[in-house]
Amino acid sequence: MNDAHGTMVDPANGAVKASLSGDKLNFTYGKAKTTVELVKTANPNRNLKPAVSAKKGPKEVASTRKHSGSSKNWNAVHRYGTETSSNRWTSGGLTLATQLWEPRNLSLETNDWQQVGPVMEGLAVNGGWAYSSWYRSAAASDQLKGNIVAFNMKKLNKYQAQYLSPRSYLYKKLSFGKFKSYSQNVKVSPYLRLGHGQSLGASSKYIYVLANENKLPGGASNGFYSEEILQLKKSGLTINKVWSIRVDVGSSGRYFYNAAFAGDNTMYGVFHNAAFGRYEFWRLNLVNNRWQVSQVTVTQSHFVKQQAGSSPVQGFSVSGSNMYLAFNNLILKLQTDGTYQKTWKHVSNREIEGLASDGSQLYAQLAQRGEILSGRW
């Protein structure tokens with residue numbers, strides 16, 4: 001929401017008022033008003049007892065030790081300057097190469113919650129557009145609020161897109177015509193509750209986000225916690241619908257730290273059942289406006305050697321009958337029935353922060369500087 005001067009209103013300052021009347025949630029800010037309709041439905045995912053036979057998984061492998069580095073010029077000495085060459089890594093028949101170097105920021109820096117960037121997390125790709133969740137800092141990603149940024153990769157030079165920055169020594173390298181053209185091929189959403197930002201999806205009409213917490217209250221790793229699914233319009237990256245979901249299994253719950261969307265009506269949630277040494281993949285389908293569990297598959301393996309619990313899934317994507325999981329520099333390929341297929345190891349010394357796939361085309365988001373890679377297997 002903007003004020004009379006076009007300035008975004010701080011959602012935490014209390015100026016926006018909310019009141020509930022029946023199934024109508026009313027918001028007001030001065031003379032501005034809007035109403036949201038609430039639809040209450042029974043939770044279809046209660047007291048589930050899925051009978052699932054686990055597929056045999058691979059032996060645990062060690063994640064690359066060095067995975068928190070940065071690209072060549074991503075440092076104070078180089079003033080976090082632009083990268084001028086591409087990367088290319090090959091493993092087991094999959095070559096990932098630079099598709100786009102991303103800008104550091106898309107707003108004034110040190111502008112508190114209004115700052116867009118420079119921490120990028122998840123990734124979704126559809127129709128040549130890449131959608132990523134951006135936060136002003138690593139700490140802000142833990143606070144669960146940020147922006148979705150969209151790039152039309154077909155219209156952006158993979159190096160010059162870095163010049164879309166508030167720093168004068170960068171944006172002055174673009175002519176006004178080029179700046180205008182590039183700006184028309186980049187979109188920024190309002191400030192949203194995106195969760196940790198690694199669970200994204202894109203269909204022909206909408207963007208989907210599972211707004212989850214990577215650090216549950218009290219350090220809990222499981223339990224009866226709800227999550228939110230956001231449906232955003234592609235046109236302006238604004239919210240169209242919000243659903244609340246919760247999956248209950250007997251005396252415990254299934255909280256999804258990572259999820260992937262396949263079209264408009266299907267979501268896959270990942271659950272690492274550490275106690276039983278396995279990964280569970282829960283498919284939910286949208287039926288009568290409710291996200292309902294339709295299938296559960298299991299792979300018996302931790303996949304990656306757990307280093308004091310510090311080897312979490314960093315990206316998840318589903319395309320057709322294939323699923324992809326990323327752990328730092330590792331990417332695993334499985335079938336949607338849980339059958340393990342192979343592991344790729346691309347030693348970039350930087351973290352993968354998100355995955356997207358389209359058929360046999362795979363995309364990965366690297367951190368510091370934000371870099372979108374693409375390749376085929």
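These legends walk through several close-up views of a predicted model. Local features need pLDDT of at least 70 and side-chain atom pairs count only at pLDDT 80 or more, while totals for chains, interfaces and linings use all residues. Residues are numbered from 1 along each chain as its sequence is written, and side-chain values use heavy atoms, with hydrogens and water left out.

**View 1. An open sheet of 5 strands runs in the order 5-6-28-27-26.**
The pairing here is antiparallel. Strands are DSSP runs of E with at least two residues, helices are runs of H or I with at least four, and both are numbered from the N terminus. Two strands count as paired if DSSP finds at least two bridges between them. Strand 5 (88–91) and strand 26 (352–358) sit at the edges with a single partner strand each, so one side of each has no neighbour in the sheet. From one strand to the next, the twist averages 25°; the angles are taken between N-to-C directions of lines fitted to C-alpha atoms, and run from 0 to 180 degrees. Look at strand 5 and strand 6 (residues 94–101): they run antiparallel and are joined by 4 bridges.

**View 2. Leu20, Val36 and Leu38 make a nonpolar surface patch.**
The patch covers about 240 Å². To join a patch, residues need over 30% relative accessible area and no salt bridge; nonpolar side chains (Val, Leu, Ile, Met, Phe, Trp, Tyr) are joined within 5 Å, and like charges within 9 Å. Areas come from the Shrake-Rupley method with a 1.4 Å probe, and for residues only the protein chains shown count as cover. Leu38 belongs to the loop between strand 3 (32–37) and strand 4 (55–56). Its relative accessible area is 33%, which makes Leu38 partly exposed. In these legends, buried means under 20% relative accessible area, exposed means over 50%, and partly exposed is in between.

**View 3. Strand 9 (residues 145–152) is largely enclosed by the rest of the structure.**
That is because 7 of its 8 residues are buried. Strand 9 pairs antiparallel with strand 8 (residues 129–135) through 6 bridges, and Ser132 has Val149 in strand 9 as its bridge partner. Strand 9 also runs antiparallel to strand 11 (residues 192–193), with 2 bridges joining them; here Lys145 partners with Arg193. Strand 10 (residues 186–188) pairs with strand 9 as well, in the antiparallel sense over 3 bridges, and Phe151 finds its partner in Val186 of strand 10.

**View 4. Asn185 and Asn152 touch through their side chains.**
The two make a polar contact of 2.9 Å. Such a contact is a pair of N or O atoms within 3.5 Å; within protein, one must be able to donate a hydrogen and the other to accept it, and residues adjacent in sequence count only if both atoms are side-chain atoms. Asn185 lies in the loop between helix 3 (176–183) and strand 10. With a relative accessible area of 11%, Asn185 is buried.

**View 5. Arg193 forms a salt bridge with Glu213 and another with Glu228.**
A salt bridge is a side-chain nitrogen of Lys or Arg within 4 Å of a carboxyl oxygen of Asp or Glu. The whole structure has 6 of them. Between Arg193 and Glu213, the closest N and O atoms are 3.9 Å apart. Arg193 lies in strand 11 and Glu213 in the loop between strand 13 (206–211) and strand 14 (227–233), so this pair ties together parts 20 residues apart in sequence. For Glu228 and Arg193, the N to O value is 3.6 Å. Glu228 lies in strand 14, so this second pair links parts that are 35 residues apart in sequence. Arg193 is partly exposed at 30% relative accessibility, and Glu213 is partly exposed at 23%.

**View 6. Strand 14 is largely enclosed by the rest of the structure.**
Here 5 of the 7 residues are buried. Strand 13 pairs with strand 14 in the antiparallel sense over 6 bridges, with Leu210 opposite Ile229 in strand 14. Strand 14 and strand 15 (residues 239–245) also pair antiparallel over 6 bridges, and Glu228 stands opposite Ser244 in strand 15. Strand 14 and strand 15 form a hairpin with 5 residues between them. In the turn, Leu237 has a positive phi of about 55°.

Conventions: Buried < 20%, exposed > 50% of the residue type's maximum accessible area, 1.4 Å probe, protein only.
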